[in-house]
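Biologist: Could you take me through the salt bridges in this one? I'd like a close look at who pairs with whom, and where the partners sit.

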Amino acid sequence: MPELPEVEVLARHLRPLLNGKIIRSVEVRRAKVLQPTSVSRFQKELCGAKFVGLHRRGKYLLFELRQTGEREILLLLGHLGMTGRMYLAPKHVPLPKHAAVVMHLGARKFIYEDARYFGRLTLDISAVEKLGAEPWDNNFSAERFYKKLKTSRQPVKVKLLDQALIAGVGNIYASEALFRAGISPRRAANKISLARTEKLLAAIRAVMQEAIDCGSTIPLNFAGRQKPDGLFYFGRAAGTPDYYVERLCVYDRAGQPCVNCGRPVKRMVQAARSTFYCPHCQKE
DNA sequence: CACCATGTTCCTTG
DNA sequence: CCAAGGAACATGGT
């Protein structure tokens, strides 16, 4: 469930649940997700530690932990990959098939499960240093965005997925933001005007903020495995009965009418990923 | 069986 | 050296 808005909503959900909880023991069922941290080091560092904070950076979660009586804060980095989930469950419930890491917290346990094991839960936090700006970072102006885009001839859609440029945009919200800004996904990054870049940055922020608001409003079951559980790509804001009615404008809507002009939404492949767009509303 | 999937990293090619 | 493209990772859904 993994672009910036989903991770942000998850962080807000988990923060109060984990805060103050002490890790009694750690079960690693798939060592791959800890890499390059070893299972023994992971267990040694985490056992007895207390959760004292939780932050999001891009699509990453940063858990802050502290051993009793110690000053130093230990950082644990989480990433959900494509199919990762993190949630708390009562201690006695059976583990899901793809549980990768389980932290026993007493009455409850913290579960990281991931059907495809593309995600991470590791003490190696080096990935965060490589990230670009947060979309709302005051230091990240349209001018700076524009200068970054100037250095590449790649299609703008592909550049939006570059986490070193701007952190947190994934395949769904890249298409949505470009539709919102009226920019063709095919447009070369270095050929976008400053004025268009301003529209694009505003669109990215708006699309992300609306998704966060949506995810904060609709009922979510983070432990569930049904389609809308813990996800809100397909949610509609406010707790209306039809909350999983399509909310996105173009993503996964190939062949359906554009919400703007009524002409069919198209799908194409860029850098081996699907892009959805309206050829009429998004000119080159 | 074929093809698709919210992400990142590594290898190859030009 | 760099940018760009594609495969790999591993599993499940349609």
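This is a predicted model: local features need pLDDT of at least 70, side-chain atom pairs count only at pLDDT 80 or more; totals for chains, interfaces and linings use all residues.

Modeller: Here's a walk through the salt bridges, pair by pair. Residues are numbered from 1 along each chain as its sequence is written, chains are lettered from A and ligands numbered from 1 in the order in which they are written, and side-chain values use heavy atoms, with hydrogens and water left out.

Counting a salt bridge as a side-chain nitrogen of Lys or Arg within 4 Å of a carboxyl oxygen of Asp or Glu, you get eight. Take E8 and R56, whose closest N and O atoms are 2.7 Å apart. That pair ties together distant parts of the chain, with E8 in helix α1 and R56 in strand β2 (residues 49-57), 48 residues apart; helices (H or I, at least four residues) and strands (E, at least two) are DSSP runs, numbered from the N terminus. Both partners, E8 and R56, are buried, meaning under 20% relative accessible area, with exposed over 50% and partly exposed in between (1.4 Å probe, protein chains only).

Now for R180 and E210, which meet at 2.9 Å, N to O. This one also links distant parts of the chain: R180 is in helix α6 (residues 171-181) and E210 in helix α7 (residues 194-217), 30 residues apart. R180 is partly exposed at 39% relative accessibility, and E210 is partly exposed with a relative accessible area of 39%. Going back to E8 and R56, salt bridges with shared partners join them with R12, R57 and E134 in one network.
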